[in-house]
Amino acid sequence: MWHALADYLPHCTAFLNATATCLLAVGLMKIKKGQARQHKKYMLSALAVSALFLMLYLLHKVALYQVTGEPNKRFPTDTEIAPLAARYTYYSILLTHLILAVTVPFLAVRAVYLAKNGRILAHKKLVRYAYPIWMYVSVTGVLVYLMLYQLYPA
């Protein structure tokens, strides 16, 4: 079971990240068109998809540890597999992704709380920063997956 989870969960979590990216983009378009109810549905869906992503991501860490003894797959160091520029690019993306990813659950839940309680001005002020961070984390999550599992698999 652990082998299957270690092998297949990254594909599932990347799909969830891509789905969250699309939901976030449509949610933004809906609010710009003044469709607040539709915006709410898309943004809450993005939050739910992201929560599922986080649960499966953590499960993957456990599964990978059970199989390999390490919770993370390493980017290849062999320049025959991945050029040095790819490794530098990967780690640059990963570093910014990880730092910002830690903030997303807090920012997203706070944004929902503010909107739910009718504090729309405070909500708008927060999402001016929270939305681009969440979008960046979603997009770079897919990029990290592509680089680690598709472009340069070890």
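Let me start with Tyr145, which counts as buried because its relative accessibility is 14%, and buried here means under 20% relative accessible area, with exposed over 50% and partly exposed in between, using a 1.4 Å probe and protein chains only. Before I go on: this is a predicted model, where local features need pLDDT of at least 70 and side-chain atom pairs count only at pLDDT 80 or more, while totals for chains, interfaces and linings use all residues. Residues are numbered from 1 along each chain as its sequence is written, and side-chain values use heavy atoms, with hydrogens and water left out.

OK, aromatics. There are six aromatic pairs in the structure; rings of Phe, Tyr and Trp (its six-membered ring) pair if their centres lie within 6.5 Å, and planes under 30 degrees apart count as stacked, over 60 as edge-to-face and the rest as tilted. Take Phe75 and Tyr90: ring centres 4.4 Å apart, planes at 15°, so that pair is stacked. Phe75 sits in the loop between H2 and H3 and Tyr90 in helix H3, so the pair ties together parts 15 residues apart in sequence. Helices, by the way, are DSSP runs of H or I with at least four residues, strands are runs of E with at least two, and both are numbered from the N terminus. Buried or exposed, for Phe75? Phe75 is buried, at a relative accessible area of 3%, and Tyr90 is buried as well, at 4%.

Back to Tyr145, then: Tyr145 forms a stacked aromatic pair with Tyr149, 5.7 Å centre to centre and 25° between the planes. Both lie in helix H5, four residues apart, which is about one turn of the helix. There's also an aromatic cluster, made up of Phe75, Tyr90, Tyr91 and Tyr152.

Next, pockets. On a 1 Å grid over the protein atoms alone, a pocket is an open set of points with protein on both sides within 12 Å along at least five of seven lines, a cavity is a set where a 1.4 Å probe fits but cannot get out, and lining residues have an atom within 4 Å of a point. Points are joined across faces, edges and corners, and a volume is the space filled by probe spheres set on them.

The largest pocket holds about 870 Å³ of space. It has 37 lining residues, and closest to its centre are Phe53, Tyr57, Lys61, His97 and Leu98. Which helices supply at least two residues each of that lining? H1 (2-32), H2 (36-68), H3 (84-101), H4 (104-116) and H5 (120-151). By class we get 25 nonpolar, eight polar and four charged, where Ala, Val, Leu, Ile, Met, Phe, Trp, Tyr, Cys and Pro count as nonpolar, Asp, Glu, Lys and Arg as charged, and the others, Gly among them, as polar.

The second largest pocket comes to about 690 Å³. Of its 21 lining residues, His39, Met43, Ala115, His123 and Val127 are the closest to the centre. H5 gives the most to this lining, with seven residues. His123 is itself in helix H5, and it's buried, at 15% relative accessibility. Leaving out residues up to four places away in sequence, His123 touches His39, Ala111, Leu114 and Ala115, contact being heavy atoms within 4.5 Å.

Cys12 is partly exposed, at 31% relative accessible area.
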